[in-house]
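Open the model in your viewer and keep the sequence panel beside it. This tour goes stop by stop, saying what to select and what is there.

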Amino acid sequence: MSAPRSTGTTPSPAGTPAPGGLVERRSIEAVPDAEPHGRPFSQFTLWCGANLQITAVVTGALAVVLGADAFWSLIGLLLGNLLGGAVMALHSAQGPRLGLPQMISSRAQFGVHGAIVPLVCVVVMYVGFFASGTVLAGQAVGHLTHLGDVTGIVVFALTAVVGYRVIHRLGRVASVVGALAFLYLGVRLLQRVPLGDLLADHSFHLPAFLLAISLSASWQLAFGPYVADYSRYLPRDTSAGATFWCTLGGTVLGSQWSMAFGALAAAASAGAIAGDEVGYVVGLGGTGIIASVLYFVIALGKLTINVLNTYGGFMSVLTGVTGFRGQRTLSRRGRAGYVLAIMLAGTIVALLGRGDFLDSFSTFLLFLLIFFTPWSAINLVDYYVIAKERYDLPALSDPNGRYGGWRWRAITTYVLGILVQLPFISTEFYTGPLVDPLGGADISWIIGLVVPAALYALLARGDRAARVPEEMIWGAVDNPDDTLPPAAAGYKAALVGEATG
């Protein structure tokens, strides 16, 4: 990956406050050159903190609960985190270059209207993850307040506050607090059961091992549709490599730490973790004040990730709606309406699904893979291989522009990418015909990455000349002679030519 540099600027709209406020005021529009801030390391703290939380612990525990031993679970979870995390970090590296939310860039592949196709699945994902996080945080709040899970779920759901700066500040706090809490819990767990005893069984079962890889890979891939939403505020000349490695390092460290603890806790629990996941984990740490502190830490960790899910859902819904309405901005009142709708939907799902959480969550995670691996493959191949990091940003809002309303090459590839996985899927409600010949292993997500990537690389070359500009086109500026830096003088004509978007 290269380290692209800005070739143009977009001035801040008149009358808007300085970018130092706590609540973000940008929505789907590109971030102006005057507003980017921060360093790539902010991505490390954000994603480390986002993964040091109870849902990641439960994901690691699932690998053991569903049949793998602790030894091979740890290895499988690490492989899945590395593989899925690398895909996720490649999406993150797009943020500084484009200055756009992740799903807006999907319009370059699917068309301004056609991006609605993967967006429907993305919104379902956000609601599902908000619900799953609310179930676990609701358990924590319910224990802490002695008001029960239902009240805990409702109280926690009301705490989700949306805004880019809020998210990053929560991420920094959650990283430190979560690291200390999980370090303490890990020590307490190993005081109960020696590590050698937990890892003594080295029996290798391929289906269970692949399931562990799939669980952690799906966890990482699920961040792909919104990871660039948080890297887009970095300065445009930020090294893509730095963004990639900081994102990968943070997400793998945080998730593997949490999942490894979950796998070891499940191995030590002999099945007791199922049904009251939060209560069992906190019980490892102690009772009284210590337990209250741990319940608070769990709720704080879930607040961080639920803010991410609410924000991502808001951006995805807005991307779909504005693609048909031609909007580029949204009022704060409109933002609040979208956010509240997503929170309400997630809370309802949490209340309905709290009784059978582990089984429902494992099915949900594996279900997600079916829909997001083809999207990731198409998006990454288009950005890095076909377009070579060059997009016409104003055309992303114009259905009559170079990307059109619907791009059937991408939509067809996406649908085929889903269908080609069906013979290899193994879930509670559906098992493909090729699962048994493979010993029960689910390799659908591998097929869902490789086949769509190859197919799209072949099909997209057919209209590459019409879709890919010679240089990146950022958009219009009010006075190119005054605002463009000297290095951008060569691109002035392109900027002025696209002034009407």
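Throughout, buried means under 20% relative accessible area, exposed means over 50%, and partly exposed lies in between, with a 1.4 Å probe and protein chains only. This is a predicted model, where local features need pLDDT of at least 70 and side-chain atom pairs count only at pLDDT 80 or more, while totals for chains, interfaces and linings use all residues. Residues are numbered from 1 along each chain as its sequence is written, and side-chain values use heavy atoms, with hydrogens and water left out.

**The whole chain**

Start with a cartoon view. The chain has 21 helices and zero strands. Both are DSSP runs numbered from the N terminus: helices are H or I with at least four residues, strands are E with at least two. Of the 501 residues, 59% count as buried.

Now think of contacts, meaning heavy atoms within 4.5 Å. Among contacts between residues at least 6 apart in sequence, 85% join residues at least 24 apart.

**The core**

Select W47, F110, M125, F261, Y391, L393 and Y414. In the largest nonpolar core, which has 107 residues, these touch the most other members. Helix α16 (residues 357-386) gives this core its largest share, 14 residues. A nonpolar core here is a set of buried Ala, Val, Leu, Ile, Met, Phe, Trp, Tyr and Cys residues joined through side-chain atoms within 4.5 Å.

Zoom in on M125. Leaving out residues up to four places away in sequence, M125 touches A222, P225, F364, L368 and F372.

**Aromatic pairs**

Show the rings. The structure holds 18 aromatic pairs. Rings of Phe, Tyr and Trp (its six-membered ring) pair if their centres lie within 6.5 Å; planes under 30 degrees apart are stacked, over 60 edge-to-face, and the rest tilted.

Pick W47 and Y226. They are stacked, at 6.1 Å centre to centre with 20 degrees between the planes. W47 sits in helix α1 (residues 41-51) and Y226 in the loop between α10 (206-221) and α11 (228-231), 179 residues apart. Both W47 and Y226 are buried.

Next, pick Y391 and Y403. This pair is edge-to-face, at 6.2 Å centre to centre and 85 degrees between the planes. Y391 and Y403 both lie in the loop between α16 and α17, so the pair ties together parts twelve residues apart in sequence. Y391 is buried at 1% relative accessible area, and Y403 is buried at 2%.

**Salt bridges**

How many salt bridges are there by this rule? The count comes to five. The rule asks for a side-chain nitrogen of Lys or Arg within 4 Å of a carboxyl oxygen of Asp or Glu.

D392 is buried, at 3% relative accessible area. R402 is partly exposed, at 28%.

Now select D463 and R407. Their closest N and O atoms are 3.0 Å apart in a salt bridge. D463 lies in the loop between α18 and α19 (464-467) and R407 in the loop between α16 and α17, so this pair ties together parts 56 residues apart in sequence. D463 also meets R467 in a salt bridge, at 3.5 Å from N to O.

**Last stops**

Select S444 in helix α18. Is S444 buried or exposed? S444 is buried, because its relative accessible area is 3%. S444 touches Q421, F424 and I425, not counting residues up to four places away in sequence.

Finish at S105, in the loop between α4 (94-98) and α5 (107-110). S105 is buried, with a relative accessible area of 1%. Among the residues that S105 touches is N379.
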